[in-house]
Amino acid sequence: MNLSNRVNSVQSSPIRRLVPYADKARAAGKKVYPLNIGQPDIHTPPAFFEAIKGFQKEVLAYEGSQGNPELIDALRKYYETYGIHYAPEDIIVTNGGSEALMFAFMALCDPGDVVLTPEPFYTNYTGFASAINVKVNGLTTKAEDGFHLPGKEEIAAKICDKTRAFVFSNPGNPTGVVYTPEELKVLVDVCIEKDIFIIADEVYREFIYDNMPYASMASFKEAEDRVVIIDSVSKRYSACGARIGSIASKNKEFMSAIMRLCQSRLCVATVEQIGAVELYKTPVSYFNEVNEEYKKRRDVVYNALQKMDGVVCKEPKGAFYVAVKFPVDDAEKFIIWMLEEFEYEGQTLMMAPLEGFYATPGLGKDEARIAYILKSEELEKAMVVLEHALKAYPGRK
Ligand SMILES: Cc1ncc(COP(=O)(O)O)c(C=O)c1O
């Protein structure tokens with residue numbers, strides 16, 4: 001008996017696959033700082049839990065495949081605050097941003113087709129793509145350039161006749177880049193010229209620091225028939241376990257294809273959608289407070305990294321990650337070594353190795369992603385541990 005070649009080609013997630021090493025380290029009595037995963041510790045707005053407690057029906061029925069109409073309405077109002085006008089039929093609720101991405105790839109690509117993405121990119125794009133025999137091509141971006149996009153010609157040269165879509169997260173995971181409205185305009189022009197879709201993964205839309213200007217891809221009128229917006233409550237409202245995301249587009253043919261896929265999976269969890277309605281009513285002041293907190297955390301991590309010998313990184317401007325180049329032979333080996341063999345005052349830490357965040361072979365071997373999702377005091381301690389680990393690591397370059 002064999003499994004499919006397709007499923008055998010799906011990599012295990014570099015964000016999660018080192019967890020057993022961390023579990024062992026914890027079982028051995030070490031304190032492990034989990035900087036590998038974007039699981040925020042910020043409290044979920046209580047209105048979510050109150051709405052769920054208020055669910056009094058006698059039957060927990062299926063919701064419609066498009067999603068709870070109140071949630072769609074709440075999403076429309078949320079988009080209005082960004083000057084984005086969606087009709088109810090332009091939005092479908094999904095099982096997290098993950099399902100929205102997966103369905104977008106399925107709707108746009110046949111086996112053998114390609115999606116292009118700036119690398120390093122959110123590693124699960126590869127997981128979604130390889131599960132359906134779609135290839136991810138990387139448009140390499142570098143810390144030296146702040147992980148910004150290359151010029152028009154370079155982007156255009158990467159689009160081949162198999163390329164169906166340009167997919168990217170803005171703000172960027174794992175780089176923390178916030179693309180300027182000007183470079184997004186260049187991207188829009190190239191995608192129109194090459195006649196491909198744009199999948200804009202904007203799940204970190206609110207996480208922007210230092211007053212960086214931000215433009216949603218949905219604000220480019222000239223591209224509205226080819227833009228697909230991916231969203232989620234996971235990071236926005238620190239509600240990762242709710243598994244509520246959404247997909248939005250003004251392209252009716254595309255949305256009708258997504259709806260057919262959604263009908264076959266029936267619906268998204270009924271009760272969590274009721275909670276999510278309240279999340280999308282959260283006042284903007286919530287984001288101001290949360291961003292203040294993340295900015296503090298970013299500063300702790302970035303300032304500490306800058307002082308470490310041989311470490312290269314760029315100050316992240318959005319999301320809550322920093323992509324770091326370390327003076328080591330192999331970042332994954334370094335992380336495993338930290339978990340298995342190293343401790344500083346009973347503590348160690350976990351990061352996500354970045355090689356799996358690249359499509360181009362050979363890139364990212366000495367890089368890792370740090371998610372600054374713990375309190376500043378914890379992050380300060382974690383950075384001291386990291387500095388000592390770098391000095392003690394036998395594979396240091
Ligand atoms: C860029 C990006 N897109 C999508 C997702 C998936 O989010 P969700 O929890 O909504 O499935 C994540 C999760 O980390 C992410 O970082």
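Because the model is predicted, local features need pLDDT of at least 70 and side-chain atom pairs count only at pLDDT 80 or more, while totals for chains, interfaces and linings use all residues.

**Stop 1: the core**

Select M217, L305, I370 and L386, the residues with the most contacts inside the largest nonpolar core, which has 135 residues. (A nonpolar core is a set of buried Ala, Val, Leu, Ile, Met, Phe, Trp, Tyr and Cys residues joined through side-chain atoms within 4.5 Å; buried means under 20% relative accessible area, exposed over 50%, partly exposed in between, with a 1.4 Å probe and protein chains only.) Now colour helix 11 (residues 285–306), which gives the most to this core, with nine residues. (Helices are DSSP runs of H or I, at least four residues, and strands are runs of E, at least two, numbered from the N terminus.) At least three core residues come from each of domain 1 (5–43 + 285–391) and domain 2 (46–279), with bounds from an automatic or database domain assignment.

Next, centre on I370. Leaving aside neighbours within four places in sequence, I370 has contacts that include L35, V301, L305, F320, M383 and L386; contact means heavy atoms within 4.5 Å.

**Stop 2: two loops**

Go to N36, in the loop between strand 1 (31–34) and helix 3 (46–53). N36 is buried, at 3% relative accessible area. Not counting residues up to four places away in sequence, N36 touches I15, V19, M350, M351, A352 and R369.

Then pick S9, in the loop between helix 1 (5–8) and helix 2 (19–27). S9 is partly exposed, at 41%. Draw a C-alpha to C-alpha distance from S9 to T126: it spans 9.8 Å, for residues 117 apart in sequence.

**Stop 3**

Finally, select P118, P120, S169, N173 and Y179, the closest to the centre of the largest cavity among its 17 lining residues. That cavity has a volume of about 90 Å³. (On a 1 Å grid over the protein atoms alone, a cavity is a set of points where a 1.4 Å probe fits but cannot get out, and lining residues have an atom within 4 Å of a point; points are joined across faces, edges and corners, and volume is the space filled by probe spheres set on them.) Strand 3 supplies the largest share of the lining, three residues.

Methods. Residues are numbered from 1 along each chain as its sequence is written. Side-chain values use heavy atoms; hydrogens and water are left out. On a 1 Å grid over the protein atoms alone, a cavity is a set of points where a 1.4 Å probe fits but cannot get out, and a pocket is an open set with protein on both sides within 12 Å along at least five of seven lines; lining residues have an atom within 4 Å of a point.
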